[in-house]
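I opened this notebook to record what I looked up in the structure below. The entries follow the order in which I consulted it.

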Amino acid sequence: MLQRSSSVKHIHITNAAISSVIQLGDSKIINGLNRAIAVQREKQLFIGDEEDFSKYPIFQRPIIFPQDKEDVMITSFHQNPMIHVNTINVIAFSSSSILHVGNTQAINMEARIKHIRQLLPKKN
Amino acid sequence: MNFQVYNRDIHVGDIRVVGVSSSSILMVGDAEIIQLASAFDTPAESLIIGPFVPLAVEGR
């Protein structure tokens with residue numbers, strides 16, 4: 001099947017961090033994984049070496065996707081074989097996120113975040 | 001099921017995004033399969049009020 005092409009005139013990105021990818025051109029398989037333990041403390045304190053993904057069930061628990069109930073025969077007709085975009089302007093990419101210009105076959109992305117807040121005891 | 005798609009003209013002006021994060025994707029193009037999963041855990045027990053000690057092992 002003939003593919004569509006993407007045309008982007010300008011791309012402006014300020015920041016791409018923590019395993020982010022800017023992919024210009026076709027790809028086949030994209031697998032992204034982001035795991036984070038986000039600790040917020042009322043007072044600034046960095047203990048370090050206390051984080052362990054295996055301590056928290058959220059990082060182990062399997063993610064079950066709904067099964068395809070029916071086979072779908074997709075036929076697409078590209079009456080205009082181009083996708084035009086004038087400008088893409090993004091301030092920040094972070095945590096295994098992707099900007100992809102072009103075609104791909106399969107994308108599989110996963111994010112698991114454990115949020116913990118620590119507050120100081122109340123003063124009476 | 002038969003699913004027919006007719007791709008006509010796409011002309012986009014400006015795409016302005018502040019942030020893309022946590023295994024998200026911004027894509028200009030076609031994909032056959034896109035599968036995204038996100039697990040976010042902020043239970044009540046995760047709010048700890050007390051003296052700051054290293055995080056303890058969490059039971060289920």
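**Entry 1: a pair of residues.** I began with A:Gln23, which stands opposite A:His100 in S6(A). The strands concerned, S2(A) and strand S6 (residues 98–101) of chain A, run parallel and are joined by 4 bridges. I noted two conventions: strands are DSSP runs of E of at least two residues, numbered from the N terminus, and two strands pair if DSSP finds at least two bridges between them.

**Entry 2: the source.** I recorded that this is a predicted model, in which local features need pLDDT of at least 70 and side-chain atom pairs count only at pLDDT 80 or more, while totals for chains, interfaces and linings use all residues. Residues are numbered from 1 along each chain as its sequence is written, and chains are lettered from A and ligands numbered from 1 in the order in which they are written.

**Entry 3: the sheet around that pair.** I found an open sheet of 3 strands with parallel pairing, in the order S2(A)-S6(A)-S3(B). Strand S2 (21–24) of chain A and strand S3 (25–28) of chain B are at the edges with a single partner strand each, so one side of each has no neighbour in the sheet.

**Entry 4: another sheet.** I then traced an open sheet of 3 strands, also with parallel pairing, ordered S1(A)-S5(A)-S2(B). Its edge strands are S1 (5–16) of chain A and S2 (10–20) of chain B, each pairing on one side only. Strand S5 (residues 82–93) of chain A is joined to S2(B) by 9 bridges, and the two run parallel. Here I located A:Ile88 opposite B:Ile15.

**Entry 5: a further link between the chains.** I saw that strand S7 (residues 104–119) of chain A runs parallel to S5(B), with 3 bridges between them. A:Gln118 stands opposite B:Ile48 in this pairing.

**Entry 6: the contact.** How many residues does each chain bring to the contact? I read 67 residues from chain A and 54 residues from chain B, where contact means C-beta atoms, placed from the backbone, within 7 Å. The side of chain B that touches chain A has 29 nonpolar, 16 polar and 9 charged residues. Nonpolar covers Ala, Val, Leu, Ile, Met, Phe, Trp, Tyr, Cys and Pro; charged covers Asp, Glu, Lys and Arg; the others, Gly among them, are polar.

**Entry 7: chain A as a whole.** I counted 7 strands and 0 helices in chain A. The C-alpha atoms of chain A fill a box of roughly 70 × 40 × 25 Å along the principal axes.

How values were computed: Contact = placed C-beta atoms within 7 Å.
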